[in-house]
Amino acid sequence: MDQNIPADSASAPKSGVTAPAPTPVPAPEVTVILPTFNERDNLPVIVERIGRALSGVDWEILVVDDNSPDGTAAVARTLGQHDRRIRCIRRVGRRGLAGACIEGMLGTQAAYVAVMDADLQHDETLLMAMLRKLRDGATDLVVASRYVGDGAAQGGFSASRARASQWSTALARRLLKVELTDPMSGFFMIRRELVDAMAPKLSTQGFKILLDIAATGHGQLRVAELPFTFGARLHGESKLDARVALDFAQLLLAKYSNDAISFRFVLFCLVGLSGVAVHMVSLYAQHTMTVSSFNTQQGIATFITIAWNFIFNNAFTYRDQRLTGWEFAKGLLEFELICAVGAISNVGIASLIYSDNNLWWIAGLGGALMGAVWNYAVSAAFVWRRH
Ligand code: GDD
Ligand code: MN
């Protein structure tokens, strides 16, 4: 509650003497967003270092923690109790670096926002140089790049990750026409109002927030790059795993097609295609082993295939909202029902097309596509509800 308003206004003196108007406290000039997942031990160190690097600047630190089991959010709160410039958003039921960064950048009024890792792999002494660039007014976005000037990535990288990083950088630059030398960098500073404007177009999934911003900016951003050396982590371990490759492909496709192609649907169809192979194998196995009727065998193979599709869609297509435990069992049951209806509509549509033009392959494809669209749309609405 505002300290200038008496808690019990009825008992306040009615003498006409009003309390002085509160002095407005302007927003800080720069907010440093620290996305965290299990960074309890690193946080006090990085916060202290940022404070030193930005001494003389009106700064703020916003920790965006995805409910880390190690209690990072509680550490941030304790730091904030001693220094109100340190704030924390604790997100529950959500995970993802890009989403955390976006939420942080939208959670401040500062003129400039910086995003940096909390594990000390990023050199905080660069913040001041970044800020100066933006203050000059000729730059919208300053990126700390490992691949410009004497920048480097030695300390923080395994050889295989270095290769993957360079390969994906080349691909992103070619496909999305992003001019940055290091669009995968997780360390940058930008005018906040620009992020505000493009926020609805940014993807909350994956790691590649900078690439997303650069691609969404369509070459309109005035960019500067500063060399930096990607250091080694202080405590804990990296959260990047093989799934970020999927996230990356998703972002490329979405941006390349101007959001016209849904990567989820593409994945859904790929899983469905793998299901065709599973169907044939299970049919063949039953055919050679059992004496049941063909219809029973086909029914069992269909059941197995739908279960297969469910497991793989749950693991990949909907990896960001994976169902576990009871939810998994319930989802499997729903998916079996939905896809059974999908199979019926597949046959219905196919025979309709066939009766019309007698081309078996057009009829077959039409039916399969119809079934896939139905399965996708209905399972998105009922099984994985957050899309
Ligand atoms: N809130 C939140 N949610 N934070 C996360 C999550 C998440 O799901 N995953 C990771 N973080 C935080 C970490 O706690 C750390 O502060 C920062 O994001 C970077 O995560 P790391 O797990 O240390 O990533 P990295 O070192 O492997 O990758 C870094 O370098 C890459 C360069 O190739 C990141 O800066 C990447 O963005 C960058 O692309
Ligand atoms: Mn790291």
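Modeller: Here's the walk-through, with a few ground rules first. This is a predicted model, so local features need pLDDT of at least 70 and side-chain atom pairs count only at pLDDT 80 or more, while totals for chains, interfaces and linings use all residues. Residues are numbered from 1 along each chain as its sequence is written, chains are lettered from A and ligands numbered from 1 in the order in which they are written, and side-chain values use heavy atoms, with hydrogens and water left out.

Let's start with ligand 1. It is surrounded by 27 residues, counting any residue with a heavy atom within 4 Å of it. Glu-39, Asp-117, Met-184, Ser-238 and Lys-239 are the closest. Sorted by class, that shell holds 11 nonpolar, 6 polar and 10 charged residues; Ala, Val, Leu, Ile, Met, Phe, Trp, Tyr, Cys and Pro count as nonpolar, Asp, Glu, Lys and Arg as charged, and the others, Gly among them, as polar.

Now for some polar contacts (pairs of N or O atoms within 3.5 Å). A polar side-chain atom of Arg-95 sits 2.6 Å from an oxygen atom of ligand 1. Thr-36 uses its backbone instead, with an N or O atom 3.1 Å from a nitrogen atom of the ligand. In the side chain of Lys-208, an N or O atom is 3.1 Å from an oxygen atom of ligand 1. On its own, ligand 1 has 740 Å² of accessible area, and the protein covers 98% of that (Shrake-Rupley method, 1.4 Å probe). Strand S1 (30-36) and helix H3 (97-105) are the elements that give two or more residues to the shell; both kinds of element are DSSP runs, helices (H or I) of at least four residues and strands (E) of at least two, numbered from the N terminus.

Next comes ligand 2, a manganese ion, coordinated by Asp-119 (OD) and Gln-121 (OE1) at 1.9 to 2.0 Å. Donors are N, O and S atoms within 2.8 Å of the metal (3.2 Å for Na, K and Ca), and water is not among the atoms, so sites may look incomplete. Asp-119 and Gln-121 are both buried, meaning under 20% relative accessible area (1.4 Å probe, protein chains only).

One last stop is helix H7 (residues 209-216), where 8 of 8 residues are buried. Its buried residues pack against several elements, including H3 and helix H8 (243-256), with packing judged by contact (heavy atoms within 4.5 Å). Just after H7, His-218 takes a positive phi of about 50°.

How values were computed
Polar contact = N/O pair within 3.5 Å; in protein donor to acceptor, adjacent residues only side chain to side chain. Buried < 20%, exposed > 50% of the residue type's maximum accessible area, 1.4 Å probe, protein only.
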